[in-house]
There are 4 protein chains.
Amino acid sequence: MLQTGCAIIAFPAHARHPSMDKPDYQAILEQIHRDIAPWRTAGRVADYIPELAKVPAERFGMAIVALDGTVYAVGDARERFSIQSISKLFACTLAFQLLGDALWDRVGREPSGNAFNSLVQLETERGKPRNPFINAGALVVTDVLCRRFVGAETALVQFVRRLTGAADLDYDLRVASSELQHAARNRAMAHFMASFGNLQMPPETVIEAYCRQCAIEMNCVELATAALFLANGGVAPVSGEHILDASSAKRLSALMLTCGTYDAAGDFVYRVGLPAKSGVGGGILAVLPGEMAVCVWSPGLDANGNSLAGVKSLEWLTTRTGQSIF
Amino acid sequence: MLQTGCAIIAFPAHARHPSMDKPDYQAILEQIHRDIAPWRTAGRVADYIPELAKVPAERFGMAIVALDGTVYAVGDARERFSIQSISKLFACTLAFQLLGDALWDRVGREPSGNAFNSLVQLETERGKPRNPFINAGALVVTDVLCRRFVGAETALVQFVRRLTGAADLDYDLRVASSELQHAARNRAMAHFMASFGNLQMPPETVIEAYCRQCAIEMNCVELATAALFLANGGVAPVSGEHILDASSAKRLSALMLTCGTYDAAGDFVYRVGLPAKSGVGGGILAVLPGEMAVCVWSPGLDANGNSLAGVKSLEWLTTRTGQSIF
Amino acid sequence: MLQTGCAIIAFPAHARHPSMDKPDYQAILEQIHRDIAPWRTAGRVADYIPELAKVPAERFGMAIVALDGTVYAVGDARERFSIQSISKLFACTLAFQLLGDALWDRVGREPSGNAFNSLVQLETERGKPRNPFINAGALVVTDVLCRRFVGAETALVQFVRRLTGAADLDYDLRVASSELQHAARNRAMAHFMASFGNLQMPPETVIEAYCRQCAIEMNCVELATAALFLANGGVAPVSGEHILDASSAKRLSALMLTCGTYDAAGDFVYRVGLPAKSGVGGGILAVLPGEMAVCVWSPGLDANGNSLAGVKSLEWLTTRTGQSIF
Amino acid sequence: MLQTGCAIIAFPAHARHPSMDKPDYQAILEQIHRDIAPWRTAGRVADYIPELAKVPAERFGMAIVALDGTVYAVGDARERFSIQSISKLFACTLAFQLLGDALWDRVGREPSGNAFNSLVQLETERGKPRNPFINAGALVVTDVLCRRFVGAETALVQFVRRLTGAADLDYDLRVASSELQHAARNRAMAHFMASFGNLQMPPETVIEAYCRQCAIEMNCVELATAALFLANGGVAPVSGEHILDASSAKRLSALMLTCGTYDAAGDFVYRVGLPAKSGVGGGILAVLPGEMAVCVWSPGLDANGNSLAGVKSLEWLTTRTGQSIF
């Protein structure tokens with residue numbers, strides 16, 4: 001029988017799956033905004049540092065920024081909050097720009113399957129963190145930036161300013177100081193990786209830069225805008241800057257998908273179906289390649305450290321629009 | 001400031017990412033077929049059962065079946081092989097049809113982060129396997145089928161016959177017997193889950209059905225055809241049968257993405273960017289939603305148990321076509 | 001300075017630690033019998049098999065058998081109970097007789113540090129159990145006996161008859177059957193070790209023999225008598241039989257000390273200071289080398305699976321007599 | 001049948017195990033000194049800090065100090081070396097004096113079953129180290145001393161001076177500095193325990209004191225003399241000082257037995273049969289209660305970090321004298 005070459009299987013006409021029309025994002029966001037009310041206080045606001053615990057639990061904002069520049073927003077979508085671990089996405093992008101695939105010699109690309117600050121795998125795997133979106137991996141990424149830039153956190157702030165066009169973006173010094181006082185676990189990880197030779201700068205230097213980058217404040221519209229380069233083949237629409245080549249942008253999205261939501265990645269992908277990065281400040285930033293970026297903010301967290309109402313809202317968004325990467 | 005409502009960010013015109021034209025699949029497959037030659041013998045053929053070890057290492061086949069019924073094929077794309085763990089996808093689909101989301105009470109949806117036959121997590125997590133695509137999870141899925149059907153393996157064979165239209169599909173009895181004689185690890189897992197109350201049928205019944213379903217033989221074209229329902233909103237194009245609703249089909253694809261390639265899922269998603277399920281027989285079956293399914297076969301495996309040339313070929317396919325879910 | 005040779009350090013006369021007189025064992029046992037009353041119902045009787053759950057929780061017996069043949073006993077010291085894991089001591093002695101140090105190629109000599117039926121270490125350590133006193137290790141020991149004797153459990157019964165002189169000792173068939181019906185976890189371990197090649201007989205054969213040996217019934221006096229060979233340089237005082245050479249007897253005691261009380265070995269040695277083996281039937285058998293053996297029975301267990309009142313009684317015994325190995 | 005009360009079992013006369021005469025320690029030590037020659041260079045000198053790597057591998061000393069003050073010595077028994085982890089025994093004694101059983105709220109008493117600097121169990125067990133003889137546990141012990149004494153290492157030096165009567169004992173500043181520069185792993189553990197609230201002083205303070213106490217230098221005779229209080233009911237023979245009550249001294253010996261030789265405790269107890277504490281400087285200090293203390297020094301280590309020739313020598317000592325705690 002012919003092995004190589006084209007052939008046709010005659011499928012019955014009714015088998016074709018109808019494609020969806022462009023959804024009415026604004027209407028859907030407003031509907032989500034109404035429906036989410038009972039979920040907004042169901043989670044638990046992060047309280048491991050006092051500054052984060054002060055944020056009112058009932059805040060909720062959500063914004064979609066489409067590749068054509070249209071912004072759809074509801075609620076507190078323009079109120080800034082502490083982006084926390086979402087900063088790992090921007091730091092990783094910068095480090096990936098600097099080192100390319102050599103970055104993966106120092107940090108892996110696999111889901112962790114354990115709590116986000118676990119030292120267990122770090123020991124088994126000899127100081128090489130599972131991926132750049134868990135704390136250990138983010139410390140390696142920050143180490144890369146600290147080695148390249150005198151002020152790693154300043155370089156990062158400037159980067160998100162360029163991605164958004166918002167010149168007044170900055171980190172909050174009180175939040176950063178508060179983090180620094182509660183960084184024992186991260187310090188343990190930094191020294192531990194140093195013991196395996198996987199940290200090039202002094203641990204305390206890396207810890208300080210890391211605490212500052214976590215304390216950057218942005219709002220939903222700014223975050224969605226900043227992530228658009230991932231949906232746009234690596235080019236930031238605001239500035240036209242080529243952040244990454246198209247293939248690298250796709251790969252970074254892939255990494256977000258498998259590793260971006262702590263150890264709930266499997267559940268998140270199942271329910272939401274978008275590459276995303278979350279933070280304990282209550283923000284979740286997600287991307288629909290070729291289409292848009294979306295950011296939701298609600299400070300109450302679920303057991304995995306992801307925004308409880310945020311995950312729910314994104315699940316409704318992809319279910320109601322029929323849009324996801326699958 | 002206005003929080004809710006639409007707005008426009010003025011993006012410079014040059015920032016838009018150009019969409020790709022429809023790729024010439026046949027040309028790209030033929031190019032891959034040529035380029036892959038040196039990789040075909042780089043992997044290691046599975047030898048844990050004698051029947052699998054007999055397959056010549058240099059075999060290579062690859063087939064794309066588009067949603068319009070066009071088949072693109074190269075090499076040994078129409079030679080049947082032992083589908084092994086790819087059967088987990090079809091078994092899971094059947095069990096998901098039967099139980100819906102109740103299935104997830106008995107098996108999780110998270111990547112395992114450990115070797116595919118690990119008992120460690122099974123102990124920590126009290127007999128609930130991480131996901132349906134590792135052996136432990138597949139045994140639970142088979143237990144579901146054994147409870148519903150007198151012959152679980154027969155039900156599964158009939159299912160893949162309907163999905164492909166190939167009435168002569170069957171499992172190979174010698175391979176199944178050989179598996180049964182080397183199933184000590186799977187027996188350990190079955191008894192272990194039974195000790196936690198997560199197996200309803202006798203362990204040996206489940207083991208036998210499992211060994212037979214792994215021994216089903218199909219070729220690349222048949223496998224790609226059988227998976228099309230996942231790319232087609234849950235409807236099998238061959239028969240028009242509604243296998244799953246659109247949302248469930250997406251979710252099953254999501255699960256394949258995070259859990260379908262053993263503990264290399266992160267690396268696979270990074271390199272290939274498609275939901276996929278691999279088997280130690282050397283087959284990998286992947287799906288591009290809304291577009292096509294693709295299957296590659298090359299018996300030599302990498303350290304994670306995935307076809308070495310198969311992963312490489314799929315990476316080239318998504319890179320050269322610019323097509324992936326990201 | 002002189003390095004080799006004798007010298008004297010002048011210690012002040014008052015520094016010598018006074019040795020204790022021979023304690024009045026019977027008086028101390030009777031005192032313990034009185035004091036233990038409130039502890040007798042504090043533990044939880046093993047209920048994983050119905051036959052064990054039937055034993056009244058308030059039973060308590062304790063017996064010391066000195067090397068000169070004197071028996072000191074209180075309470076239910078002559079009522080037989082299910083020796084359960086204490087049988088591991090006798091099975092290990094037999095296997096050690098058969099194989100000598102070659103036994104340690106198949107089973108280790110280190111404390112487990114995990115729950116007594118854990119499969120985790122078994123996986124990490126490629127099917128070689130940590131020691132012969134956890135279930136996995138005892139299954140390997142039973143495998144050794146099954147290979148050597150047609151009826152491993154009969155050989156073991158005959159061995160304890162010789163050690164005690166009690167010709168009517170036997171296992172309880174109902175308990176053995178009950179164990180066999182609840183042996184899923186042990187079956188999992190047997191198949192798992194078989195998958196690593198560390199089981200030579202069929203798993204089910206080993207499991208049956210193991211369940212029967214656990215169901216042997218003995219009383220405190222019989223158990224203490226049976227263990228005297230360990231306190232007596234390897235010679236059983238009842239029969240004069242040389243069970244082990246003096247060095248091997250010491251080594252088996254050493255193994256009991258570090259591994260005999262599940263994962264509470266450190267705590268037990270700290271509190272009691274005697275080599276001992278416990279069972280979920282509520283018995284604990286301990287040895288004071290050169291002096292005596294002691295057995296206590298109280299069915300209520302602590303969180304580690306050791307008799308709660310039993311551990312307490314032994315702690316009082318060594319504290320009140322000032323006798324221990326330290 | 002009578003349950004409570006004395007009885008006699010008639011044992012045949014030949015069954016009694018003959019007690020050994022007092023062994024000729026000096027002759028046995030000299031024989032060991034001769035026989036050990038080929039083993040002295042079989043191990044691997046610790047090289048994780050440069051100062052330790054400088055010690056000649058072929059050094060070998062051994063000393064027994066009996067409770068009557070007789071010193072038996074061979075080889076380099078009066079040459080001082082870095083006691084390293086043997087200091088954990090003295091530090092633990094001091095902390096146990098200070099806190100009594102309250103010490104065990106902060107550090108456990110179970111063997112670790114893992115490598116001596118593992119963070120895995122520390123994470124699972126929420127910052128409470130397994131025992132005071134692994135590094136993590138010793139850091140907690142040092143934290144106790146740092147809180148009580150302005151200079152914890154000075155208090156410890158003064159303690160060992162009192163135990164030995166050697167007024168010139170001290171730590172080596174170069175070794176301490178060298179340790180401090182290679183303390184990344186210990187720093188990681190200190191910060192990690194701090195993150196669980198199980199460190200009361202600043203991590204760096206504890207680390208410095210810890211590095212200094214490890215750098216104390218003593219010889220075999222001094223170490224054996226210092227440990228005599230454990231063999232002597234808690235009273236130090238040199239000074240008559242009551243270090244611990246008799247029961248606590250026994251318990252500390254028990255702890256040494258189960259936890260004193262890293263994760264080879266089971267093997268060590270099996271082969272040697274004495275409570276002991278080893279250090280990576282090549283020293284092993286052991287105790288025979290009621291009789292003597294013995295110290296051996298040979299810098300080459302086995303895979304577990306214990307002196308290779310040291311363990312062998314102690315095994316020969318207890319085998320040839322017939323003396324052990326069993």
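This is a predicted model: local features need pLDDT of at least 70, side-chain atom pairs count only at pLDDT 80 or more; totals for chains, interfaces and linings use all residues.
B:D267 and B:R271 sit in one helix of chain B, α12 (residues 265–271). They are 4 residues apart, about one turn of the helix. The two also form a salt bridge, with their closest N and O atoms 3.4 Å apart.

**Salt bridges**

Side chains of opposite charge can pair when their charged atoms come close. A search of the whole structure finds 68 salt bridges over all chains. Three of them are set out here.

| Salt bridge | N to O distance |
|---|---|
| A:R130 and A:E125 | 2.7 Å |
| B:D267 and B:R271 | 3.4 Å |
| C:D170 and C:R161 | 3.7 Å |

How exposed are the partners? In chain A, A:R130 is buried, with a relative accessible area of 12%. A:E125 is partly exposed, at 29%. In chain C, C:D170 is partly exposed at 35% relative accessibility. C:R161 is partly exposed too, with a relative accessible area of 26%. Shared partners also link salt bridges into one network, made up of A:R109, A:R251, B:D267, B:R271, B:K312 and B:E315.

**Annotated binding-site residues**

An unreviewed UniProt entry lists A:S85, A:N135, A:E179, A:N186, A:Y210, A:Y262 and A:V280 under "binding site". Two of these residues are followed here.

A:Y210 belongs to helix α9 (residues 203–214) of chain A. Is A:Y210 buried or exposed? It is buried, with a relative accessible area of 4%. Which residues does A:Y210 contact, beyond its neighbours within four places in sequence? They are A:K88, A:N135, A:A138, A:L139, A:T142 and A:N186. Among them, A:N135 and A:N186 are also on the UniProt list.

A:V280 lies in a loop of chain A, between β8 (276–278) and β9 (283–288). A:V280 counts as buried because its relative accessibility, 11%, is under 20%. Leaving out residues up to four places away in sequence, A:V280 touches A:A46, A:Y48, A:L52, A:Q84, A:Y262, A:L301 and A:G305. One of these, A:Y262, is also on the UniProt list.

**A sheet in chain A**

Strands of a sheet pair through backbone hydrogen bonds, either parallel or antiparallel. In chain A, an open sheet of 3 strands runs in the order β5-β7-β6, with antiparallel pairing. Strands β5 (81–82) and β6 (170–171) stand at the edges. Each has a single partner strand, so one side of each is left without a neighbour in the sheet. β5 pairs with β7 (residues 216–218) over 2 bridges. Within that pairing, A:S82 has A:E217 of β7 as its bridge partner.

**How the chains relate**

A rotation of 180° superposes chain A on chain D, with 0.0 Å of shift along the axis and an RMSD of 0.0 Å. This is the relation of a two-fold axis. The same surface serves both copies, since 100% of the contact residues of chain A recur in chain D. Which residue of chain A comes closest to the rotation axis? That is A:A188, with its C-alpha at 1.9 Å.

Some chains do not touch. No contact joins chain A and chain C, and their closest C-alpha atoms lie 11 Å apart. Chain B and chain D do not touch either; their nearest C-alpha atoms are 12 Å apart.

Notes: Residues are numbered from 1 along each chain as its sequence is written. Chains are lettered from A and ligands numbered from 1 in the order in which they are written. Side-chain values use heavy atoms; hydrogens and water are left out. UniProt positions are given in the numbering used here, feature names are shortened, and annotations may be inferred rather than shown by experiment. Buried means under 20% relative accessible area, exposed over 50%, partly exposed in between (1.4 Å probe, protein chains only). Contact means heavy atoms within 4.5 Å. Copies are superposed by least squares on the C-alpha atoms of residues with pLDDT of at least 70 in both. Two strands pair if DSSP finds at least two bridges between them. A salt bridge is a side-chain nitrogen of Lys or Arg within 4 Å of a carboxyl oxygen of Asp or Glu.
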